[in-house]
Amino acid sequence: MTANGIAQILLFFFVLLLITKPLGVYMARVFNGECTFLHPFLFPLEKAIYKIMGVRQEEEMPWALYASALVLFSLAGLLITYLLLRMQALFPFNPQKYGSQLMPPDLDFNTAVSFTTNTNWQSYVPESSVSYFSNMVALAVHNWMSAATGIAFALALIRGFARRNAHSVGNFWVDTTRATLYVLLPLTLVLALLLVWQGVPQNFSPYVKATTLEGAIQTIPQGPVASQEAIKELGTNGGGFFNANSAHPYENPTPLSNFLEILAIFALPAGLTYTFGKMVGNSRQGWALFAAMSAMFLLGAFVCYSQEQRGVPLLAKSPLSLQLAASSLQPGGNMEGKEVRFGIASTALFATVTTDTSCGAVNAMHDSFTPLGGLVPLANMMTGEVIFGGVGSGLCGILVIAILAVFIAGLMVGRTPEYLGKKIERYEVTMAILVMLIHAAAVLGFTALASDMKLPAHSPWNRINGTATYVGAPYNNVNNPGPHGFSELLYAFTSTVNNNGSAFAGLNANTPFYNLTLGLAMLFGRFLMLLPTLAIAGSLARKKWVLPSAGTFPTDSATFAFLLVGVAVIIGALTFFPALALGPLVEHFQMLAGKLA
Amino acid sequence: MSESDLFYLLLTLVLFVTFLGFVQACERLMRSERR
């Protein structure tokens with residue numbers, strides 16, 4: 001590692017620390033219905049939205065109604081997106097005249113599910129199959145809605161902890177409206193303008209044809225990139241305007257834009273930890289969660305960076321005798337798949353941040369990382385996206401881990417576990433375990449299915465869309481044999497179940513089989529993990545508050561943060577270690593033994 | 001609208017009805033626990 005690289009990671013963490021409290025305080029004010037500096041401009045709009053929608057602001061919902069509203073809202077969004085993509089040829093803002101033949105039904109299903117669930121897995125190539133209209137109306141709208149839904153989800157759980165003897169957890173429509181208007185809208189506007197300043201395009205122009213120095217014709221795509229880019233990061237969505245995502249110079253042109261994008265990914269999930277502390281009446285509770293998340297984040301960032309900076313030792317021993325140490329002339333390490341303008345530290349930081357959260361944007365190809373460097377993004381996702389996590393969903397994930405942590409601590413000392421004055425009983429632990437089991441079963445089950453399923457050589461289920469190529473068994477879709485190929489499959493299902501959406505690259509997933517299974521993985525990962533968590537919120541809200549006693553385990557301490565990290569790591573390690581051993585770990589030892597091609 | 005469209009739309013509806021059923025099942029379990 002170089003001093004410059006370490007300084008970049010520490011500077012990022014320092015700036016994150018600086019913005020966490022102001023953002024957290026602001027969001028707490030917004031969601032408690034208090035006045036903020038934006039209310040004079042936005043409150044009339046908020047009132048108008050409620051009037052049009054027929055929402056009564058003061059009417060609160062029990063958890064089951066709140067959950068049902070969330071499910072039905074997502075269903076409506078999914079169906080509308082599917083139909084808009086199927087009929088994109090009929091709509092304006094389509095200078096390239098893209099039709100539905102480029103987006104067959106299985107791909108539309110996958111894409112609609114992907115954006116509805118905040119995953120933004122992209123089996124399609126955005127710049128050569130989706131019109132500006134589809135991008136803005138069908139897809140980018142979900143970047144707002146799915147992020148707002150995630151925040152609403154977190155608010156319901158926070159209220160579950162904060163309220164006593166209550167039968168409601170808030171109003172879903174009010175929470176999503178406020179999250180969109182007061183949080184996502186202003187931040188997106190500011191970030192989009194900063195990105196435009198850095199050189200990101202924002203226009204509706206047709207693609208430009210340029211003649212290269214060799215005389216070849218090159219098509220240069222453009223469009224309303226900056227606006228989508230901003231919400232892509234802030235909403236931890238991750239779906240790029242271009243296929244290369246944030247590695248594309250029009251999405252992420254400079255080191256400063258790169259820094260802003262990484263910061264935007266972490267900003268709201270970090271701020272929500274403080275909001276949590278504020279809303280439950282003890283900001284130290286929020287800082288304890290922040291500390292646990294930060295410890296896991298920094299560990300991942302430095303492991304990933306050290307592995308990438310170390311590079312592949314075989315290359316130093318090869319006849320080329322490549323220099324792996326950084327010097328004033330070159331960065332050393334492993335630069336394959338990375339952008340020169342970002343370098344190794346910023347790339348490792350981006351990869352860690354995007355997989356700690358459920359963002360999934362990439363500024364490099366994770367498939368080209370060293371085996372242990374690539375293991376870090378995988379392991380981050382395998383924790384269940386609790387290291388800051390998705391906007392809202394990350395906070396809920398760590399709170400589920402917290403419930404298990406106090407349960408384990410309670411077992412150790414033989415007392416009924418409590419968290420924030422609420423007794424954690426059988427129902428909450430059952431639901432928390434259900435979340436863990438669904439997560440593990442979905443990731444490992446779908447990976448096993450794709451690894452071992454037999455399909456006839458000419459099965460239409462595994463024909464690459466837009467071609468006449470039949471691939472046969474799903475395992476044939478990976479580009480690399482052996483453990484790296486297995487990592488490609490494991491990464492795809494880990495990413496989709498956790499609603500991350502980043503791709504390892506190296507897996508040709510645009511076939512009906514993968515579009516269907518990855519779509520199901522996204523839906524199971526979103527709703528079957530979210531609904532039991534909301535049930536926990538409902539159950540906790542109904543409970544009375546218990547006064548802390550001498551036997552109460554303090555949950556605003558460094559010991560609790562340490563226990564939280566331990567539980568998250570142990571659950572992840574016990575569940576996924578065998579799968580990791582078959583993929584990146586075997587590959588690492590093969591690399592050290594000089595057995596890689 | 002093709003057969004594939006119908007398949008994916010029906011699948012979506014079935015899944016979301018299942019999710020709503022899951023909500024009800026969680027609620028019922030909660031009530032039985034509280035008794």
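# Chat on a two-chain predicted model

Colleague: Which relative accessible area does Met87(A) have?

Modeller: Met87(A) has a relative accessible area of 37%, so the residue counts as partly exposed (buried is under 20%, exposed over 50%, partly exposed in between, with a 1.4 Å probe and protein chains only). This is a predicted model, in which local features need pLDDT of at least 70 and side-chain atom pairs count only at pLDDT 80 or more, while totals for chains, interfaces and linings use all residues. Residues are numbered from 1 along each chain as its sequence is written, chains are lettered from A and ligands numbered from 1 in the order in which they are written, and side-chain values use heavy atoms, with hydrogens and water left out.

Colleague: Where in chain A does Met87(A) lie?

Modeller: Met87(A) is in the loop that links α3 (63–86) to α4 (105–116) (helices are DSSP runs of H or I with at least four residues, strands runs of E with at least two, numbered from the N terminus).

Colleague: Turning to chain B, what secondary structure does it have?

Modeller: Chain B has one helix and zero strands. Its C-alpha trace spans about 50 × 5 × 5 Å along the principal axes, and 37% of its 35 residues count as buried.

Colleague: What pLDDT does chain B average?

Modeller: The average is 92, and 100% of the residues of chain B score at least 70 (pLDDT is the predictor's confidence in each residue, from 0 to 100). For the complex, the predictor gives an ipTM of 0.95 and a pTM of 0.91.

Colleague: How many residues does the contact take from each chain?

Modeller: Chain A gives 34 residues and chain B gives 22 (contact means heavy atoms within 4.5 Å). The area buried between the two chains is about 2,600 Å², and carbon and sulfur atoms give 79% of this area; buried area is the accessible area (1.4 Å probe) that two parts lose on being put together, summed over both.

Colleague: How many salt bridges are there between chain A and chain B?

Modeller: The count is three (a side-chain nitrogen of Lys or Arg within 4 Å of a carboxyl oxygen of Asp or Glu). One salt bridge pairs Glu33(B) with Arg426(A), whose closest N and O atoms are 2.9 Å apart.

Colleague: On backbone geometry, what is the phi of Thr236(A)?

Modeller: Thr236(A) has a positive phi near 45 degrees, although the residue is not glycine. Most residues other than glycine have a negative phi. Thr236(A) sits in the loop between α7 (225–234) and α8 (255–279) of chain A, and counts as buried because its relative accessible area is 0%. Asn165(A) also has a positive phi, of about 50 degrees, and lies in the loop between α5 (132–162) and α6 (172–198).

Colleague: And which residues does Asn245(A) touch?

Modeller: Leaving aside residues up to four places away in sequence, the contacts of Asn245(A) include Gln122(A), Lys232(A), Gly238(A) and Val362(A). Asn245(A) belongs to the loop between α7 and α8 and is buried, at 4% relative accessibility.
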